[in-house]
Amino acid sequence: MERMKLIELLNDMSLEEKIGQLVQLSSNFYEDEAVLTGPAMEFGIGEAEINHAGSTLSIFDPKIIKQIQENAVKKQPHNIPLLFMADIINGYKTIFPIPLAQGCTFQPELAKKCAEVSAKEASAGGLHVTFSPMVDLVRDARWGRVMESTGEDKYLNSLFAAAIVQGYQGKDLKDKGSIASCVKHFAAYGAPTAGKEYNNVELSLRSLKEDYLPAYQAAIDAGVSMVMTSFNTLDRIPATGNKWLMQDVLRKQIGFEGVVISDWAAIEELITQGVAQDKEEAAQLAMVAGVDIDMATNVYIKNLKRLIEKGILNETQIDEAVLRILTLKNELGLFENPYKDLDIEEYSRYNLCPEHRKIARKAAADSMVLLKNDAILPLKKKEQCIALIGPYAEEMHLYGAWSLLGEDSNTISLKSGMELADADNELLCVKGVNLLSEKETLYGFKGLVSESNPVTKDAMKEAIKAAQKADIVILALGEHAYHSGEGGSKADLRLPKQQRELFKAVSQVNKNCISIIFSGRPMDLREIAEGSKSVLQAWFPGSEGGNAIADLLYGIVSPSGRLAMTFPYSTGQVPIHYDHFNTGRPFNGDHKNRFQSKYLDIPNEPLYPFGYGLGYTKFSYSEVKLSKTNMNKQDTLTASVVVKNIGEHEGIETVQFYLQDQKASVVRPVRELKGFQRVFLQPAESAEIKFEISEDMLRFYNYNMDYTSEEGTFLVFIGENSTTMNQAEFKLQLC
Ligand code: GLC
């Protein structure tokens with residue numbers, strides 16, 4: 001529809017209709033009895049308001065979507081179709097690794113592929129919008145939602161943000177298989193005080209702009225259709241009612257022109273946060289801040305009209321919001337075809353098809369990070385007795401907290417993956433202990449979590465017996481999928497007690513332990529690493545998890561994942577991140593001088609640093625060569641190294657390139673990731689890897705908060721992870 005027609009439509013709509021477009025009703029409003037009893041009564045709304053609603057969320061059944069849309073278009077006075085939105089975070093029916101795992105692939109183009117497949121499956125199922133990507137920068141593994149982020153680095157997050165948006169949206173939202181993407185949560189939700197869910201965020205303006213905003217900017221530059229507000233406060237003002245954040249920053253500075261939606265009930269929560277007296281004031285704050293859609297409450301629908309009648313708001317504010325929503329519907333082609341790509345036939349053909357599973361298997365294998373390997377991997381495919389022990393040995397919930405359509409029956413467990421690898425090995429499988437602790441009651445997204453096939457009391461003994469018999473023990477350990485995700489903050493990052501006891505008992509009777517960790521966050525793996533010959537971080541790998549692990553264990557695929565988030569030495573170290581600051585008294589390793597930036601009881605170094613990961617071979621790096629050692633604003637400078645595979649196995653190295661600004665008008669991180677390249681090398685093969693350095697890479701928010709570069713000395717680091725000291729120096733001269 002032409003824009004003029006949209007404006008004509010807007011002008012023809014009643015105020016009730018306009019306000020209806022700003023309302024997103026949850027799925028239960030569309031169940032049969034909704035109108036007369038249930039949610040509608042609670043909301044104090046009737047059939048007319050439901051027929052005016054502009055969008056709904058979390059409805060997944062394509063047949064129901066078709067029915068609801070048919071009804072909506074008929075009953076909406078101007079036949080305006082609904083937008084169907086949902087959380088498709090790491091897959092629709094084909095489930096990919098959780099986003100934090102995808103970040104560890106260091107392959108944004110692979111994440112784009114996963115997003116494309118998710119969009120294809122979701123759009124055939126009738127969905128129009130996904131509340132993804134979540135691009136919140138994370139540095140505190142106590143926070144459960146680190147699993148949804150692509151990690152601690154702003155540059156890496158920005159690349160993934162743009163790639164995932166493009167994967168969902170394609171070239172044109174009208175195209176078949178495209179869905180609109182909603183980037184979240186704006187802004188800085190990933191920095192809650194004490195890692196506690198929904199807690200306030202205390203950030204300087206400089207940190208907000210320097211570290212936390214770039215990834216949202218990247219999503220918006222990539223054309224993301226929507227932005228979701230975050231639950232947290234910034235500068236003690238809740239984001240959802242924060243006019244400075246939503247208007248001055250998001251609309252004016254970043255230049256976003258699309259639809260802004262609140263997070264679930266976040267407008268109503270302005271009351272609980274203590275900045276709104278009642279729903280009327282909450283509606284006013286959110287509308288003035290520029291929040292277009294009220295997700296899942298009746299605040300807008302019950303208060304906006306009165307605010308206009310009182311002259312506190314004017315109808316043009318409502319019109320602007322409605323026009324943005326109508327524009328999105330138009331960009332999706334919903335006025336011409338309210339069902340877009342909904343197609344039951346294709347829906348069943350696409351979901352979990354071999355081609356999609358193949359992509360899921362590759363993404364899972366590439367996302368896993370080999371943290372330790374003392375010459376025990378890869379396994380040989382011949383007469384060996386392998387004991388597979390632990391709560392994840394046969395567990396099929398390998399798809400994380402936010403895979404609402406993930407199903408055990410569609411997921412390859414570790415045990416199945418080992419069996420399907422048709423290695424000529426004897427496989428003993430013992431759960432040993434439960435995933436949940438003795439008296440633990442864990443509530444997931446759909447109520448109380450139950451333990452799948454709980455162990456009997458002598459299971460521990462069975463496990464020890466199996467370990468005594470086996471040549472090699474594979475321990476499949478980890479946290480429950482609902483120990484992370486929304487509402488999943490934890491104060492202790494170690495594995496559950498009963499798993500640590502199992503590990504201790506088994507590793508005492510068999511030294512050939514390979515530990516595989518399933519988690520949604522970096523955990524404190526000290527004990528596990530100490531007692532294992534090999535440690536593989538598997539995250540929550542999705543539908544093809546078991547096959548991907550078997551591919552890695554048997555060397556069919558070489559491990560190539562690199563950590564997108566630091567693994568702390570202990571919980572006491574968090575928040576921790578590689579791009580930290582030197583301080584005036586950096587620790588020199590010698591405790592004699594008490595007065596240094598360090599702890600008395602633990603080291604400063606993490607257990608495993610950002611960018612770290614092993615393969616089955618070794619690589620050497622030449623010194624860093626620079627095309628010149630002085631550059632000015634107009635120049636570029638090339639840094640290069642020669643990387644050689646000096647092991648016996650083929651492998652993929654992720655060559656990482658960091659810069660340090662040694663002196664500036666504000667303190668600068670000890671290093672920042674500015675580039676990386678993955679290179680596949682056969683044994684004895686080498687390759688020259690080059691990185692271009694331009695002045696724009698050296699910019700930051702200076703003392704006066706201008707985004708600029710300053711002349712001075714810079715260090716270039718190129719190596720295997722964020723601790724590399726392989727360096728060279730150059731100067732930037734601005735004259
Ligand atoms: C949740 C989450 C948000 C999600 C939304 C809709 O509370 O914070 O990420 O998209 O509600 O499910």
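Student: How do the residues lining the largest pocket divide into nonpolar, polar and charged?

Tutor: Sort the lining by residue class. In this predicted model, the lining of the largest pocket holds 18 nonpolar residues, 14 polar ones and eleven charged ones.

Student: How many residues line the largest pocket, and which lie nearest its centre?

Tutor: The lining has 43 residues. Start your search at the centre, where H577, Y578, H580, F581 and V670 lie nearest.

Student: How much space lies in the largest pocket?

Tutor: The largest pocket holds about 1,100 Å³.

Student: Which element gives the largest share of that pocket's lining?

Tutor: Look at α9. It provides four residues, the largest share. Helix α9 spans 205-212, and strand β26 spans 700-701; each of them supplies at least two lining residues.

Student: Why does the largest pocket lie between domain 1 and domain 3?

Tutor: Check which domains contribute to the lining. Domain 1 (178-340) gives residues to the largest pocket, and domain 3 (619-732) does too, so the pocket lies between them.

Student: Now the second largest pocket. How much space lies in it?

Tutor: About 650 Å³. Its lining has 25 residues, and K154, S158, E210, P214 and Y707 are the closest to the centre.

Student: How does the lining of the second largest pocket split by class?

Tutor: Eleven residues are nonpolar, three are polar and eleven are charged.

Student: Where does the second largest pocket lie?

Tutor: Apply the domain test again. Domain 1 (178-340) and domain 3 (619-732) both give residues to this lining, so the second largest pocket lies between them.

Student: Let me turn to cavities. How many of 30 Å³ or more does a search of the whole structure find?

Tutor: A cavity is a space where a 1.4 Å probe fits but cannot get out. The search finds three of 30 Å³ or more.

Student: How much space lies in the largest cavity?

Tutor: About 120 Å³. It is lined by 17 residues, with I89, Q102, S132, I164 and Y168 closest to its centre.

Student: Which element gives the largest share of that cavity's lining?

Tutor: Helix α7 does, with four residues. Three helices each supply at least two: α6 (99-103), α7 (108-124) and α8.

Student: How do the residues lining the largest cavity divide by class?

Tutor: Ten are nonpolar, six are polar and one is charged.

Student: Which residues line the second largest cavity?

Tutor: Here you can find each one in the model. They are L659, Q660, D661, R668, E672, K674, M697, L698 and F714. The strands that give two or more of them are β23 (651-661) and β24. The largest share, three residues, comes from β23.

Student: How much space lies in the second largest cavity, and how does its lining divide by class?

Tutor: The space is about 50 Å³. Four of the lining residues are nonpolar, one is polar and four are charged.

Student: Next, helix packing. At what angle do α17 and α22 pack?

Tutor: Read two values, the angle and the distance between axes. Helix α17 (residues 354-367) packs against helix α22 (residues 545-553) at about 55°, with the axes 8 Å apart. That makes α17 oblique to α22.

Student: Is the crossing of α17 and α22 left-handed or right-handed?

Tutor: It is right-handed.

Student: Last, the backbone. Where are the cis peptide bonds F186 to A187 and L377 to P378?

Tutor: Omega is about 10° at the cis bond joining F186 and A187, and A187 is in the loop between β5 (180-186) and α9. Omega is near 0° at the cis bond from L377 to P378. Residue P378 sits in the loop between β11 (369-373) and β12 (385-389).

Student: What is the phi of N79?

Tutor: It is positive, about 55°, although N79 is not a glycine. Look for N79 in the loop between α5 (62-75) and β3 (83-86).

Methods. Residues numbered from 1 in each chain as written. Predicted model: local features only at pLDDT ≥ 70, side-chain atom pairs only at ≥ 80, totals over all residues. Heavy atoms only, no water. 1 Å grid on protein atoms, 1.4 Å probe; cavity = no way out; pocket = protein on both sides within 12 Å on 5 of 7 lines; lining within 4 Å. Points joined across faces, edges and corners; volume = space filled by probe spheres on them. Nonpolar A, V, L, I, M, F, W, Y, C, P; charged D, E, K, R; others polar. Domains from an automatic or database assignment. Axes fitted to C-alpha atoms, helices over the stretch in contact; angles between N-to-C directions. Parallel < 35°, antiparallel > 145°, perpendicular 65-115°, else oblique. Left-handed = near helix turned anticlockwise from the far one by under 90°.
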